[in-house]
Amino acid sequence: MKIKRFLAAWSIIWALGASAVTWQPDTLGPGYEMARIDQPDDYAGKACCTVVRHLDPDPIPQHVAILYVHGFNDYFFQTDMADFFARHGIDFYAVDLRKYGRSILPGNKMFQVRDLREYFADIDSALSVMRQSGISDVILMGHSTGGLVTSYYLSEEPAPMVKGLILNSPFLDWNLSKTQERVLIPMVDCVAGSSPNLRIKQGDSTAYSESLLAGEHGRWSYNTDWKLKSSPDVDAGWIRAIDDAQAVVQRGNTIKIPILLMHSDRSVYGNEWTEDFNHGDAVLSVDDISKYGRRLGPSVTEVTVKGGLHDLVLSESRVEQAVLSTMLAFINRLGYRTNKNEAPASVTDAS
């Protein structure tokens, strides 16, 4: 697998180096550009990833930028976050992974994956695009499943240009009972070998999306054809891919660069929306995030965010701004300059 990834990555890098990618206006509006990158066909047919960027309009002389990787049932749309970093002198890039968001091609099964290492080529492609733009240092950022993907990537064969990792509620363990984790997940893993397309029901609750969407109980607008209101069915192959990656990162001490680990102060449960859904993590166990996140490497800074949603940057405005300021302070501590070295608000007091 390592040899295949090496050859695939270098074929993509060579192709990108032969001719610069074509940037086009993005659906997010002025200041946002996108470039689609074709990837080799996989077991299901055509595949691509899409790189989106938002550049600092008044750049300061430095060669660092952020690369953001979204979560499951997700894509990049968090313009508040990108605008914030661009204002502070840090160019912002994001990648819509294959079969997500902008990268969904005709005939694709949304979110389908058999091995999370499939996404490594998408990350490598985005890094190559950034390198073409003169960027030498990258702060990798991952949310939820994107946090698992980025942690897995840095545990396996990290690109030297990645200098720090920011994790926003990473999916490092199943939010299931111990019996389900010890019995049900291994059973599905076994089935996945012969029947990877076996559908696994996720449930029909829309409570989390209601906490996000403007017009419901949230303040955000996004494409609900790309980020569905209820969690879609997955398949046995997806379950096994997640389980395999979690097994690697849970061994601990696999990531040697500095890590900022961020999560809410509490998890909330239920199928119907209540006010609690606007002040806690409705997707993952914050205790599991803390337990396994602290083990990821020798340099982990853990921050508990009072009142934070699962996607911390989609929390209410005061919490969101405290989260972004804490991310910026982490980047400052790595030695990178920004336009405003502001003292961050205390996320533990944000509510």
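Me: How many cavities of 30 Å³ or more does a search of the whole structure find?
Reply: The model is predicted, so local features need pLDDT of at least 70 and side-chain atom pairs pLDDT 80 or more, while totals for chains, interfaces and linings use all residues. Residues are numbered from 1 along each chain as its sequence is written, and side-chain values use heavy atoms, without hydrogens and water. On a 1 Å grid over the protein atoms alone, a cavity is a set of points where a 1.4 Å probe fits but cannot get out. Under this criterion, the number of cavities of 30 Å³ or more is two.

Me: How much space lies in the largest cavity?
Reply: Its lining, meaning residues with an atom within 4 Å of a point, includes Phe72, Lys109 and Trp238. By class, the lining of the largest cavity has five nonpolar, one polar and three charged residues. A volume is the space filled by probe spheres set on the points, which are joined across faces, edges and corners. For the largest cavity, that space is about 50 Å³.

Me: Which residues are closest to the centre of the largest pocket?
Reply: A pocket is an open set of points with protein on both sides within 12 Å along at least five of seven lines. The largest pocket holds about 1100 Å³. Its lining divides into 21 nonpolar, 16 polar and five charged residues. Of the 42 lining residues, the closest to the centre are Asn175, Gln202, Ser231, Ala282 and Val283.

Me: Which strands stand at the edges of the open sheet of nine strands?
Reply: Strands are DSSP runs (E, at least two residues), and two strands pair if DSSP finds at least two bridges between them. The sheet has mixed pairing and the order S1-S2-S3-S5-S4-S6-S7-S10-S11. One side of each edge strand is left without a neighbour because each has a single partner strand; these are S1 (24-25) and S11 (300-305).

Me: In which class does the aromatic pair of Tyr32 and Phe76 fall?
Reply: Rings of Phe, Tyr and Trp (its six-membered ring) pair if their centres lie within 6.5 Å; planes under 30 degrees apart count as stacked, over 60 as edge-to-face and the rest as tilted. The centres of the Tyr32 and Phe76 rings are 6.5 Å apart and their planes lie at 40 degrees, so the pair is tilted.

Technical notes: Nonpolar A, V, L, I, M, F, W, Y, C, P; charged D, E, K, R; others polar. Helix = DSSP H or I, 4+ residues; strand = E, 2+ residues; numbered from the N terminus.
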